[in-house]
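Dear colleague,

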Amino acid sequence: TEHQQDVMVYAYSGNTDQDSLYQGQNVRLIPIKLNIVRRYLKMVRLILNEVSSGSVIIVNGCFWEIAIARHIKKFNYLTKVPGDIVWERARNLNKTQSSVDEYNLEKQFHYKILRYLFTYSLVKSQITTVPSTHLKELCCKWGVSPSRIALIKNSVSTKIFAPDTNVSKIYDFITVCRLVP
């Protein structure tokens, strides 16, 4: 990087049975085969170790874990919100058929703790980045201060990813996003 900042990435992986470094790089993979409590506690411990070393924390996922770590020790961090992960979990487990907007108007007793931890992690974040105005509006409804939300739209360079002129065109658009129902 420009400032010669070391980067360490912690991620969950289904491709490993034990903690491992990914191809010798600063990527630590935590197996999802661990039970959820043990897995979350391991991530919380790793986050707290990084904070103690003075590292900057950028959270892209692991919202519940950062909320727990932040509750234990006060520190600054940044978050990136790709979507409403509480609604996505409910959808993926067939607990709701509601749209994200309908779901956010409903009383969500089943996922109340998850919503609390997700919201807590965003409210305590110094800056929350979102890729759309819709997600910015949802973050405001969850209690995140508009002054702490940065809208950074997903993008792709059409110059870099321009189709080769020798190849027939199959698609006539490019999208950069997460696909959710």
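Phe-63 counts as buried, at 1% relative accessibility (buried means under 20% relative accessible area, exposed over 50%, partly exposed in between, with a 1.4 Å probe and protein chains only). Phe-118 is likewise buried, at 0%. The model is predicted: local features need pLDDT of at least 70 and side-chain atom pairs pLDDT 80 or more, while totals for chains, interfaces and linings use all residues. Residues are numbered from 1 along each chain as its sequence is written, and side-chain values use heavy atoms, leaving out hydrogens and water.

A search of the whole structure gives six aromatic pairs (rings of Phe, Tyr and Trp, the last by its six-membered ring, with centres within 6.5 Å; planes under 30 degrees apart are stacked, over 60 edge-to-face, the rest tilted). One of them joins Tyr-12 and Tyr-40, which are stacked at 6.4 Å centre to centre with 25 degrees between the planes. This pair links strand E1 (residues 9-13), which holds Tyr-12, to helix H1 (residues 36-52), which holds Tyr-40, 28 residues apart (helices, H or I, of at least four residues and strands, E, of at least two are DSSP runs numbered from the N terminus). Tyr-12 is partly exposed at 25% relative accessibility, whereas Tyr-40 is buried at 16%.

The rings of Phe-63 and Phe-118 have centres 5.0 Å apart and planes at 80 degrees, so they pair edge-to-face. Phe-63 belongs to helix H2 (residues 63-72) and Phe-118 to helix H5 (residues 112-123), so the pair ties together parts 55 residues apart in sequence.

Tyr-12, Tyr-40 and Trp-64 form one aromatic cluster.

Yours sincerely
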